Amino acid sequence: NALLSMEEGQGMREMDQLKQLIQVTQNDNTITCKEALSIANKENVAPGKVGSLCNEMQIKIKGCQLGCF
């Protein structure tokens, strides 16, 4: 189904963009909770999605404020 393929492609671009934002924000394989929440808000995605990508990328989230990560 062409529509499904377009949606999958859009999802992959979104994931790549999120990964790129995380990568440029991280320092020594860590990112602060505030930074992770900022990325989630900026990209209009759930904080858990950013947290999952950080885990996948082996980037630790430090200074968690709300227990989201």
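The legends below accompany close-up views of a predicted model.

**View 1. Overall arrangement of the chain in the predicted model, with three helices and two strands.** From the N terminus on, the elements follow the order α-β-α-α-β. The chain has 69 residues, of which buried residues make up 23%. When contacts between residues at least 6 apart in sequence are considered, 67% of them join residues at least 24 apart.

**View 2. The largest nonpolar core, a set of twelve residues.** Its members are Leu18, Leu21, Ile22, Ile31, Ala36, Ile39, Ala40, Val45, Val50, Leu53, Cys54 and Ile59. At least two residues of this core come from each of helix 1 (2–25), helix 2 (33–43) and helix 3. Isoleucine 22 is one of the core residues, and, once its neighbours within four places in sequence are set aside, isoleucine 22 is in contact with Ile39, Val50, Leu53, Cys54, Met57 and Ile59.

View 3. Just after the helix comes glutamine 58, which takes a positive phi of about 60°.

**View 4. The salt bridge between lysine 49 and glutamate 14.** The count of salt bridges comes to two, and in the one shown here the closest N and O atoms of lysine 49 and glutamate 14 are 2.6 Å apart. Because lysine 49 lies in helix 3 and glutamate 14 in helix 1, the pair ties together parts that are 35 residues apart in sequence. Lysine 49 counts as partly exposed, at 31% relative accessibility, and glutamate 14 is likewise partly exposed, with a relative accessible area of 33%.

**View 5. The salt bridge between glutamate 56 and lysine 19.** The side chains of glutamate 56 and lysine 19 meet with an N to O distance of 2.8 Å. This pair, too, links distant parts of the chain, since glutamate 56 is in helix 3 and lysine 19 is in helix 1, 37 residues apart. Glutamate 56 counts as exposed, at 52% relative accessibility, whereas lysine 19, at 28% relative accessibility, counts as partly exposed.

**View 6. The loop between helix 1 and strand 1 (30–32), with aspartate 28 among its residues.** Most residues other than glycine have a negative phi. In aspartate 28, however, phi is near 55°, a positive value, and in asparagine 29, which lies in the loop as well, phi is near 60° and again positive. Aspartate 28 counts as exposed at 69% relative accessibility, while asparagine 29 counts as partly exposed at 44% relative accessibility. Glutamine 26 lies in the loop between helix 1 and strand 1, and at 18% relative accessibility glutamine 26 counts as buried. A polar atom of the side chain of glutamine 26 lies 3.5 Å from the backbone oxygen of glutamine 23.

**View 7. Cysteine 33 and cysteine 64, neither of which is in a disulfide.** A search of the whole structure finds zero disulfides. For cysteine 33, the nearest cysteine sulfur is that of cysteine 64, 3.9 Å away, and for cysteine 64 the nearest cysteine sulfur is, in turn, that of cysteine 33. Cysteine 33, at 0% relative accessibility, counts as buried, whereas cysteine 64 is partly exposed, with a relative accessible area of 34%.

Notes. Residues numbered from 1 in each chain as written. Predicted model: local features only at pLDDT ≥ 70, side-chain atom pairs only at ≥ 80, totals over all residues. Heavy atoms only, no water. Helix = DSSP H or I, 4+ residues; strand = E, 2+ residues; numbered from the N terminus. Core = buried A, V, L, I, M, F, W, Y, C linked by side-chain atoms within 4.5 Å. Buried < 20%, exposed > 50% of the residue type's maximum accessible area, 1.4 Å probe, protein only. Contact = heavy atoms within 4.5 Å. Disulfide = S-S within 2.5 Å. Polar contact = N/O pair within 3.5 Å; in protein donor to acceptor, adjacent residues only side chain to side chain. Salt bridge = Lys/Arg side-chain N within 4 Å of Asp/Glu carboxyl O.
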